[in-house]
Amino acid sequence: MNKLSKLENFKIWAKVNLDEIVFFMGMALVFLAIQGFAPLDANTSLKAVILGNLSILIVSIYQENSKMFLLTLVMGFAQLTNVMSS
């Protein structure tokens with residue numbers, strides 16, 4: 001029996017869980033963009049909010065989750081208006 005290397009195991013895990021990885025990276029981008037502890041400049045925050053919400057939208061389309069899609073649209077609009085007004 002041939003054992004897989006750790007790198008091959010990681011590649012298989014990452015391929016299977018790619019949607020979860022993209023989702024959590026999107027969540028992290030949105031969090032970093034709107035958190036108030038160490039604020040980013042407006043341009044960086046705007047880009048992070050857009051990229052984060054787009055990645056969450058892509059995952060919600062891929063998983064056919066209409067509730068997450070609608071919630072992300074509404075929250076993305078609120079986040080964008082908040083970042084653009086500050």
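This is a short tour of one predicted model, moving from a helix to a core and then to a loop. Residues are numbered from 1 along each chain as its sequence is written, and side-chain values use heavy atoms, with hydrogens and water left out. Because the model is predicted, local features need pLDDT of at least 70 and side-chain atom pairs count only at pLDDT 80 or more, while totals for chains, interfaces and linings use all residues.

**Stop one: helix 3.** Select residues 42-62, which form helix 3. Helices here are DSSP runs of H or I with at least four residues, numbered from the N terminus. Helix 3 has 21 residues and spans 30 Å from first C-alpha to last, close to the 30 Å expected at 1.5 Å a residue; that expectation is 1.5 Å times one less than the number of residues.

Now colour its buried residues (under 20% relative accessible area, with a 1.4 Å probe and protein chains only). Among them are S45, A48, G52 and I56. The buried residues of helix 3 pack against helix 2 and helix 4 (66-85).

**Stop two: the core.** Which residues make up the largest nonpolar core? Show F23, V30, I56, V59 and M68. Such a core joins buried Ala, Val, Leu, Ile, Met, Phe, Trp, Tyr and Cys residues through side-chain atoms within 4.5 Å. Helix 2 (18-34) and helix 3 each give two or more residues to this core.

Zoom in on V59. Leaving out residues up to four places away in sequence, V59 is in contact (heavy atoms within 4.5 Å) with D19, V22, F23 and M68.

**Stop three: the loop.** Finally, pick E64, between helix 3 and helix 4. Its phi is positive, near 55°, in a residue other than glycine. Is E64 buried or exposed? E64 counts as exposed (over 50%) because its relative accessibility is 74%.
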